[in-house]
Amino acid sequence: MNRRAMTIRNALCLAFALTLPACGSGSAPAEKPPLEGAAIGGPFTLTDKAGKTVRWSDFAGKYRIVYFGYTFCPDACPMDVSVLMRGFNAFAKDHPDLAARVQPIFITIDPARDTPARVGEFAAAFSPHLIGLTGTAEQVAAAAKAFAVYYAKGKESAGGYLMDHSRTAYLMDRDGKPLAILPTDKQDPQAIAAELAKWVR
């Protein structure tokens with residue numbers, strides 16, 4: 001092959017190579033949310049720290065972080081909520097505009113003891129952005145069922161009782177549909193922040 005032919009061939013190869021990223025980036029399928037299509041989430045009616053009625057529909061248009069627990073929990077709930085909100089704060093520091101579109105929500109599964117004032121104090125201890133919600137036993141049961149959350153009251157003892165419950169932090173989209181489970185089990189705020197950055201748009 002002569003020098004002219006090699007030059008033309010090299011130029012064509014370079015031109016073709018330069019077109020590949022543009023073509024590839026447009027055709028690559030976007031990653032789907034892991035909880036897309038799952039039957040998680042739904043309408044609820046609960047009460048906030050001021051005794052005001054709060055409905056699931058009140059958060060329409062916002063991404064939502066939803067965690068079920070109880071304020072008398074000696075270990076798991078405080079650890080989970082702490083890492084969750086530290087992760088949210090890290091996300092907010094890097095993406096303040098996006099974080100403004102996210103509402104973190106704590107819902108008790110122990111309405112017998114968790115009064116509106118108590119869930120309000122619990123939520124405020126972790127972040128001013130976190131909303132604490134309670135309600136009647138029936139209202140809490142309906143909310144937990146909608147989010148596929150398990151809970152059960154433990155045996156009474158001299159020190160009271162514990163609640164057995166699932167430990168899942170859901171990230172919901174602006175339409176209230178599930179996107180992903182936030183990795184509170186890793187106890188790593190940066191893992192939470194990374195997951196939020198992945199799905200919040």
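Guide: Gly69 stands opposite Thr108 in strand E4. The model is predicted: local features need pLDDT of at least 70, side-chain atom pairs count only at pLDDT 80 or more, and totals for chains, interfaces and linings use all residues. Residues are numbered from 1 along each chain as its sequence is written, and side-chain values use heavy atoms, with hydrogens and water left out.

Visitor: How many bridges join E3 to E4?

Guide: Helices (H or I, at least four residues) and strands (E, at least two) are DSSP runs numbered from the N terminus, and two strands pair if DSSP finds at least two bridges between them. E3 covers residues 63-69 and E4 covers residues 102-108. The two run parallel, and the number of bridges joining them is 7.

Visitor: What is the order of the strands in the open sheet?

Guide: The sheet has 5 strands with mixed pairing. Its edge strands, E5 (131-133) and E9 (178-182), each pair on one side only. The order is E5-E4-E3-E8-E9.

Visitor: What angle does the direction of helix H6 make with that of E9?

Guide: H6 (residues 189-199) packs on the sheet, touching E3, E8 (169-172) and E9; contact means heavy atoms within 4.5 Å. Axes are lines fitted to C-alpha atoms, for helices over the stretch in contact, and angles run from 0 to 180 degrees between N-to-C directions. For H6 and E9 the angle is about 165°.

Visitor: Which residue caps the N-terminal end of H6?

Guide: A polar contact is a pair of N or O atoms within 3.5 Å; within protein, one must be able to donate a hydrogen and the other to accept it, and residues adjacent in sequence count only if both atoms are side-chain atoms. At this end of H6, a side-chain oxygen lies 3.0 Å from the backbone nitrogen of Gln190. The capping residue is Asp188.

Visitor: Which residue takes a positive phi in the hairpin of E8 and E9?

Guide: E8 and E9 run antiparallel and are joined by 4 bridges, with Tyr170 opposite Ile181 in E9. The hairpin has 5 residues between the strands. The residue with a positive phi, near 85°, is Gly176.

Visitor: Is Thr134 buried or exposed?

Guide: Thr134 is found in the loop between E5 and helix H5 (137-146), and its side chain reaches the backbone oxygen of Asp114 at 2.8 Å. Buried means under 20% relative accessible area, exposed over 50%, and partly exposed in between (1.4 Å probe, protein chains only). With a relative accessible area of 3%, Thr134 is buried.
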